[in-house]
Amino acid sequence: MDELNAQMKQSMLAKDKVTLSVVRMLKTALVNEKIKLGHDLSEEEEKSVLATELKQRKESVSEFAKGGRDDLVQQTEAEIKVVERFLPAQLNKAQVGDIVDATIKEVGAKGKQDFGKVMKTLMPKVKGQADGSLVSSVVKEKRLCVNWC
């Protein structure tokens, strides 16, 4: 939250309206979550809220693109860049694959029926660092390999 406050002041001084707007939305989302939970947010809870905001914006980009709204696509992509500043670096597909392999071995997964078990163990490891749809697709790809079949 301190980082958001500092960024908000910096954005005001630089007259960066996009960053200022996004930072205000992020602060509002964090405050709303704090009120909802009834306690100060832990760092993990803050990352979770920010990851949700990022996911919403990514979904919006695809919807705007389908609707031919290039102006909104560009605006939302700019917002995504701002939100990403406050999250840990995102894992690429290869890095997610390595974590998936380790998790499959850890839980002793043998086939399709262990998909849920793998995901349940895996998601806390990558929370805030990888999109759930990416993780799910990598796990499904691994299911086709020798280890799972």
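**Exercise 1.** In this predicted model, find the residue with positive phi that follows helix H3.

Solution. Start with the extent of the helix: H3 covers residues 43–66.

**Exercise 2.** Compare the span of H3 with the expected span.

Solution. Count the residues of H3, which gives 24. At 1.5 Å a residue, the expected span is 34 Å. From the first C-alpha to the last, H3 reaches 35 Å, close to that expected value.

**Exercise 3.** Decide whether Glu-53 is buried or exposed, and state which residues it touches.

Solution. Locate Glu-53 in helix H3. Its relative accessibility is 13%. Buried means under 20%, so Glu-53 counts as buried at 13%. Leaving out residues up to four places away in sequence, Glu-53 touches Leu-26 and Ala-29. Other buried residues of H3 include Val-49, Leu-50 and Leu-54. H2 and helix H4 (70–84) are among the elements that cover the buried residues of H3.

**Exercise 4.** Describe the largest nonpolar core and name the element that gives the largest share of it.

Solution. The core has 19 residues, and Leu-4, Val-23, Leu-26, Val-83 and Phe-86 have the most contacts inside it. Helix H1 (2–14), H2, H3 and H4 each give two or more residues to this core. H2 gives the largest share, 6 residues.

**Exercise 5.** Which helix has the lowest mean pLDDT, and which the highest?

Solution. Helix H7 (residues 132–142) has the lowest, 84, and helix H2 (residues 17–37) the highest, 93. For the protein, the mean is 86.

Conventions. Residues numbered from 1 in each chain as written. Predicted model: local features only at pLDDT ≥ 70, side-chain atom pairs only at ≥ 80, totals over all residues. Heavy atoms only, no water. Helix = DSSP H or I, 4+ residues; strand = E, 2+ residues; numbered from the N terminus. Buried < 20%, exposed > 50% of the residue type's maximum accessible area, 1.4 Å probe, protein only. Contact = heavy atoms within 4.5 Å. pLDDT = per-residue confidence, 0-100. Expected span 1.5 Å × (residues − 1). Core = buried A, V, L, I, M, F, W, Y, C linked by side-chain atoms within 4.5 Å.
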